[in-house]
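Subject: Structure for your review

Dear colleague,

Please find below the structure I wished to hand over to you. My findings follow it.

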Amino acid sequence: MKQTRQSGDQQQSREQHFISLRMMFKEMFLHTRTQWVLLMLGAVTVIAISILEFMIPQLTKEIIDQIIPEKRYNALLETGGLILLAALLLGIFNFSSSYVMTIVSQKAILQLRNKLHKHTLSLDLKFFDRNRTGDLMARLTSDVNQLQELVSADSLSLIADVITFAAIVGYLLYTDWQLALITLITLPFLFITSRYFSQRIKSAYRAVRHISAQINNSLQDTLSGIRMIKSFASEDAEAKQFEALSEQHRIATVSASRLSATFSPIIDWLNYVGMTSVLLFGAWEVMHGNMSVGDIVAYLAYLRLLQAPIRSFSRMITKVQQSAAAFERIQEVLATVPEVYDKEGAIVLPPVKGQIVFDDVEFAYEEGHPILQNFQLRLPCNQTTALVGSSGSGKSTIAYLIARLYDVQRGDIFIDSYPLTEVTVKSLRQQMGIVSQDVILLNGTIRENIAYGRPQATDDEIIAAAHAANAHEFISAFPMGYDTPIGERGVKLSGGQKQRLSIARAFLTNPRILILDEATAALDTESEQRIQHALSELLPGRTCLVIAHRLSTIQNADQIVVLEHGEIVELGNHENLLRRNGRYKELYEMQFPTKSNFEQIL
Ligand SMILES: Nc1ncnc2c1ncn2[C@@H]1O[C@H](COP(=O)(O)OP(=O)(O)OP(=O)(O)O)[C@@H](O)[C@H]1O
């Protein structure tokens, strides 16, 4: 019973394997078919190579069997010249086929990498929650490069090798069928050996790729978290973890290479078996006067040529297996359908007034663990709504849902009268600005960073935005002003300065809806005041959602929503809520203890 299930599983995995191989070739064909002229040119050159390779032993045979015994000096020079010419042409055609195939493969790889990159960007945050950055980077770089090997001069020369192989086998069968059969006797063994090794080589290389991706992840974590690592003095622990991964990588690579390395010598040995058999049989025939010495020289040359297709075939199997492992990882990303996407018939959101309504919304990051249920909330247009509540109560989730970084599972969110899911994601986000505490600055100048959301903005507009965000002063103090380059993640700027740049970004895009997520957390009082001032300029005339831990920053909000476990427990303005003596007051008193409750806390 167990055995039946196992063989059923094997059958299924074999079928899966063939499906993925078919898909891989189809995908590569898709990316190369537009270059059919070049492909044809490549094919013609490899056929020419086959013909030349077949001709050279024939010319050699002619010299030995005819020209030498008949002492035809002129013919000797002519035939020698022909061999040289054939060898020269061989070189030229080899160069052309490899150059042409590089052009074809590079174009195909470029298309595939761009397609994968574009698709990855189109995926929603749920996908990025599940997949690690380093792993995705490996798929976009080394996995794609691996596929390039498939469309190479080597692969095309496989066609030439097959043609040469067929021509030689035909010739051998024609001239001496017994000798031909002796040569071919090794082929079934070759086939069985290839089948045995191919699956094993593939899974060994899949393991290598998996560990490479883990190494990438680990590097990504360590390098981006270098400050934390240093502040906890955990360099040694990190190094140990990395060493363990490197060791796993070494073991996996050695075991994969051992398989490939065993495969080639077995093939070689089978070739030698074939060669010795042919040599012995040929010698016997020469001794009995049934064959000439020229024949045997030509046969030996052909035998060497017969090894080439077999060798290429074995190399190609390894290559195809490695590429199939890489393609499966690429395909996993390509086959992922984003959960947040533009529905068929989705409209471009016209300029909105900006009222947002959550109507009976249900949302879960993971099935069975709802964060919001039957959730109702209205964010009136041109007003500021603040969200407060304990950590994990769902504040950021609400902001993400408004920006459609995730889609709700039930109910609707409306912007004016438009359900968010009925409008295009791009047009929705174009009317939205997000300023969060985790400011992401890109490598580039200050100017480029401010203009990120509107690259076509003029210098005057950029400077005006920086003025409004209280950032112009510190930017002008840099010797290069707005052209000052910012290092990776803006390391040369303070937290407050980065924050003001992100506010300037928001000013420049002039969004109808503004989301501030903990925008002033973790700043000193002076920076906070500057930012508060900048925000007081930015907020009016827009629908704003402010997520704040510091209640001092939201006392002027039009409405304050107190959340606990994804439910609204209180709603009102600062004064109303304080009077209510409920959760808001509790939170408020924790942050601004009065004399009596300060004593209680103590
Ligand atoms: N990407 C995610 N995948 C799974 N669960 C998540 C994800 N993001 C948040 N959660 C969970 O959803 C709940 C609400 O999180 P959310 O970040 O919205 O809370 P919050 O009120 O903004 O918290 P904080 O004030 O600490 O930022 C938490 O229980 C959190 O663990």
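How far apart do the end C-alpha atoms of residues 82-104 lie, and what share of the span is helix and what share strand? In this predicted model, the separation is 32 Å, and the span is 100% helix and 0% strand. The span is one of those to which UniProt, in an unreviewed entry, assigns the feature "transmembrane region"; the others in that record are residues 36-56, 156-174, 180-197 and 266-284. Residues 36-56 are likewise 100% helix and 0% strand, with 30 Å between their end C-alpha atoms.

Turning to the chain as a whole, its secondary structure consists of 21 helices and 12 strands. The C-alpha trace extends over about 120 × 65 × 55 Å along its principal axes. The radius of gyration of the chain is 35 Å, whereas a compact globule of 602 residues would have one near 25 Å. Of the 602 residues, 29% are buried. When contacts between residues at least 6 apart in sequence are considered, 79% of them join residues at least 24 apart.

Glu 362, for instance, has Arg 410 in β4 as its bridge partner.

The ligand is the next point. Its surroundings comprise Asp 129, Tyr 365, Glu 366, Ile 371, Gly 389, Ser 391, Gly 392, Ser 393, Gly 394, Lys 395, Ser 396 and Thr 397. By class, this shell contains 7 polar, 3 charged and 2 nonpolar residues. Helix α12 (residues 395-402) contributes the most to the shell, namely 3 residues.

Finally, I examined Arg 447, which belongs to helix α14 (residues 446-450). Is Arg 447 buried or exposed, or partly exposed? Arg 447 has 18 C-beta neighbours inside 10 Å and therefore counts as partly exposed, since a buried residue would require 20 or more and an exposed one 12 or fewer. Apart from neighbours within four places in sequence, Arg 447 contacts Ile 462, Tyr 482 and Asp 483. The C-alpha atom of Arg 447 is 9.9 Å from that of Arg 505, although the two residues are 58 residues apart along the chain.

With kind regards

Definitions and conventions. Residues are numbered from 1 along each chain as its sequence is written. This is a predicted model: local features need pLDDT of at least 70, side-chain atom pairs count only at pLDDT 80 or more; totals for chains, interfaces and linings use all residues. A residue is near a molecule or strand if its C-beta atom, placed from the backbone, lies within 6 Å of it. Helices (H or I, at least four residues) and strands (E, at least two) are DSSP runs, numbered from the N terminus. Ala, Val, Leu, Ile, Met, Phe, Trp, Tyr, Cys and Pro count as nonpolar, Asp, Glu, Lys and Arg as charged, and the others, Gly among them, as polar. Two residues are in contact if their C-beta atoms, placed from the backbone, lie within 7 Å. UniProt positions are given in the numbering used here, feature names are shortened, and annotations may be inferred rather than shown by experiment. The radius of gyration is taken over C-alpha atoms; the globule rule is 2.2 Å times the number of residues to the power 0.38. Two strands pair if DSSP finds at least two bridges between them.
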